[in-house]
Amino acid sequence: MLKLKRILLVEDNANDAELTLEALAEHNLANGVDVVRDGAEALDYLYRRGSYAGEAPLNLAVILLDLKLPKVDGLEVLSILKGDDKLKCIPVVVLTSSREERDVVDSYRLGVNAYVVKPVNFSEFITAVKEVGAFWAIINEPPPLPHKGHNQ
């Protein structure tokens with residue numbers, strides 16, 4: 001039986017995280033969602049270290065990444081992730097309140113797959129998250145996972 005890929009939500013704002021989880025649940029996405037609250041925790045999750053050591057290997061459909069994070073900011077997380085041959089194929093969607101042109105340019109330069117500005121309006125926010133979640137978790141065909149012993 002094929003195990004469904006998970007969604008990683010990297011979001012330090014508890015309200016935005018809750019709204020995002022509600023929107024994904026409303027869309028009946030069967031994917032599990034893991035939530036981390038800062039960039040350092042995101043890196044621990046991705047590299048299976050710290051409190052994530054010994055957990056099952058990564059099986060992610062998409063990472064929803066905020067940019068304005070404590071400890072390690074989202075752009076640095078994105079840079080590390082996209083610079084790692086084992087992780088760079090995981091789709092990353094920046095989901096942020098930043099409309100700063102520099103953040104958009106830097107995100108795409110670092111290899112982000114999509115950049116979504118969080119709408120201020122509640123129903124627009126829910127709709128945006130549903131559409132992002134549905135596309136990346138259901139519609140998009142991700143690259144196959146590397147096989148054991150195959151260097152990538």
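**A residue over a ring**

Mentor: Counted from the N terminus, the elements run β-α-β-α-β-α-β-α-β-α, where helices (H or I, at least four residues) and strands (E, at least two) are DSSP runs numbered from the N terminus. That comes to five helices and five strands. The model is predicted: local features need pLDDT of at least 70, side-chain atom pairs count only at pLDDT 80 or more, and totals for chains, interfaces and linings use all residues. Residues are numbered from 1 along each chain as its sequence is written, and side-chain values use heavy atoms, with hydrogens and water left out.

The part to look at is around Arg 48, which is found in the loop between α2 (39-47) and β3. Phi of Arg 48 is near 55 degrees, a positive value in a residue other than glycine. Arg 48 has a relative accessible area of 19%, so it is buried (under 20% relative accessible area; exposed is over 50% and partly exposed in between, with a 1.4 Å probe and protein chains only). Buried residues make up 47% of the 152 residues in the protein.

Arg 48 lies over the face of Tyr 45, at 4.6 Å from the ring centre. A charge sits over a ring if NZ of Lys or CZ of Arg is within 6 Å of the ring centre and within 35 degrees of the ring normal.

Tyr 45 also has a ring partner. Rings of Phe, Tyr and Trp (its six-membered ring) pair if their centres lie within 6.5 Å; planes under 30 degrees apart count as stacked, over 60 as edge-to-face and the rest as tilted. The count by this rule is one aromatic pair. Its members are Tyr 45 and Tyr 52, with ring centres 5.3 Å apart and planes at 75 degrees, so the pair is edge-to-face. Both Tyr 45 and Tyr 52 are buried.

Lys 71 has a relative accessible area of 70%, so it is exposed. Asp 66 is also found in the loop between β3 (60-65) and α3 (74-82). With a relative accessible area of 5%, Asp 66 is buried.
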